[in-house]
There are 2 protein chains.
Amino acid sequence: MKVLWILAHPEPRSLNGALRDEGLHTLKELGHEVRESDLYAMRWNPVVDAADFGHDPARRLVVGAASERAHAQGRLSDDIAAEQDKLAWADTLVVQFPLWWFGMPAILKGWFDRVLVQGFAFGLTGERGQVRRYGDGGLAGKRALVITTAGARRSGLGPRGVHGDLEDVLFPLLHGTLWYTGVAVVPPLLIPSADRHTPAGHPAVLAELRERLRDLPTTPAIGYRHEHGGDYGTDLVLAPHLAPGRHGLDVHRTDRGGPPTSPSR
Amino acid sequence: MKVLWILAHPEPRSLNGALRDEGLHTLKELGHEVRESDLYAMRWNPVVDAADFGHDPARRLVVGAASERAHAQGRLSDDIAAEQDKLAWADTLVVQFPLWWFGMPAILKGWFDRVLVQGFAFGLTGERGQVRRYGDGGLAGKRALVITTAGARRSGLGPRGVHGDLEDVLFPLLHGTLWYTGVAVVPPLLIPSADRHTPAGHPAVLAELRERLRDLPTTPAIGYRHEHGGDYGTDLVLAPHLAPGRHGLDVHRTDRGGPPTSPSR
């Protein structure tokens, strides 16, 4: 694999730092190639603004159009272009972060906001004139593993846990960002009760991480539906015969919400 | 009402800018008091780091503990303290943003990351020794309206739409952040197909906004369950007799997942 490892944590001497170190070491030991985006170490700027696109601030900024134009003309700011080069190189992404307010730390959210611009990651048109999206897109063919540490207990992030099921809570990232741009995502690795973690507990967690990384090339991805597989109508609503009468985010998964209408590609 | 209006958009000459201007004008006209956090205009820093807490960078940073200590000792950085003062003043929050990657722009995510620190918004203990959370907390008694513009069509963000139902997609904000800290949230206001919006279409959208703001004091909140109302076990899992056999984020709502076990407060 060619792995891009993206980490968002302010403290290298943390559990997250230990996980990253172990992860990179394990991948290299297994013979994989690794590149890294340690966002805090890079002092990554997460805020989309006109300067990203060389946009004249006197004119109204329309983010989608300005970013697409700047990408097409090679005028995106250097820090964005450098991350896009890493993404283009990688076949596998590892996205690691502490779960803050049930989502990504801002520095990481802003990596996606700034790097996945229109014309690069999405907004591309396929051979049949369709918009390439959900299972297809600028990042098609890549795979991703999300690793997150949480203060919460595992049961609280389970299917009926008070915080919501982790895969539902992460739906905007797993489905709305990664799958949207064509990336197949394997089930996330949760490290719960992270605040109560002591170095004495690290070996068990690090062993689980090593196992997930070793198995990553063959781990089945979450079965999100393809947009153009026949499961959705032109209104983008799931066909009534699929997961009939049900709603909730699971209906968009063939492994929980029923099989697809037809082979998806 | 005393309203804190939080906006995250880089372009004041946008649909979002028009919505904000109209919203503030309407609220004042109705006799409400208004304060504003225009995050782009403020050049808000969204990245949590040691400097927020006056933390010695030579020592390991544990974000939760360091932020709680700094808050208790009045040592949080000035920009965070100023936002906390606005929050303490307000009884109502309006949180307005364009939906980027099915979530908040990084600059807004980092407002929550930095401002809602332990000991201020959460991590407080109630009279019975319980952790005040989900329907209770440092922001208890306040109400919030989330306003979001999206490139997507309305049907795609509906109950069986390909993007996921908007209230599920926003669950980390509505439930995991606002309700978690005690804020009651009314159904969000979605402005769909925002990329196709022209100034000619503004009047209809602005009228809808005015109506939502006029009705806000009496709009029923989403019926999220209280953590300590008897609906959850000590493992934080929903009791089996509630929404039996079901999962998905709706089970945490008394208006969709069945009534609560007992009066929640």
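Biologist: How many bridges join β1(A) to strand β2 of chain A?

Modeller: This is a predicted model, and in it β2 of chain A covers residues 33-38. The two strands run parallel, and within the pairing A:Val3 stands opposite A:Val34 in β2(A). The number of bridges that join β1(A) to β2(A) is six.

Biologist: Which helix makes a right-handed β-α-β unit with β1(A) and β2(A)?

Modeller: The unit is made up of β1(A), a helix of residues 15-29 of chain A, and β2(A). Its handedness is right-handed, and the helix in question is α1.

Biologist: Which residue in β3(A) does A:Leu4 stand opposite?

Modeller: Strand β3 of chain A, residues 92-98, runs parallel to β1(A), and five bridges join the two. Within β3(A), the residue that stands opposite A:Leu4 is A:Leu93.

Biologist: Why is strand β1 of chain A described as largely enclosed by the rest of the structure?

Modeller: A residue is taken as buried if 20 or more other C-beta atoms lie within 10 Å of its own. Strand β1 of chain A spans residues 2-7, and it is largely enclosed because the buried residues among its six number five.

Biologist: What relation holds between chain A and chain B?

Modeller: Chain A can be laid on chain B with an RMSD of 0.0 Å by a turn of 180 degrees, with a shift of 0.0 Å along the axis.

Biologist: Which residue of chain A comes closest to the rotation axis?

Modeller: The distance is taken at the C-alpha, and the closest approach is 2.3 Å. The residue of chain A that makes this approach is A:Ala106.

Conventions:
Residues are numbered from 1 along each chain as its sequence is written. Chains are lettered from A and ligands numbered from 1 in the order in which they are written. This is a predicted model: local features need pLDDT of at least 70, side-chain atom pairs count only at pLDDT 80 or more; totals for chains, interfaces and linings use all residues. Copies are superposed by least squares on the C-alpha atoms of residues with pLDDT of at least 70 in both. A residue is buried if 20 or more other C-beta atoms lie within 10 Å of its own, exposed if 12 or fewer, and partly exposed in between; C-beta atoms are placed from the backbone. Helices (H or I, at least four residues) and strands (E, at least two) are DSSP runs, numbered from the N terminus. Two strands pair if DSSP finds at least two bridges between them. A crossover is right-handed if, with the strands pointing away from the viewer, the path from the first strand over the helix to the second runs clockwise.
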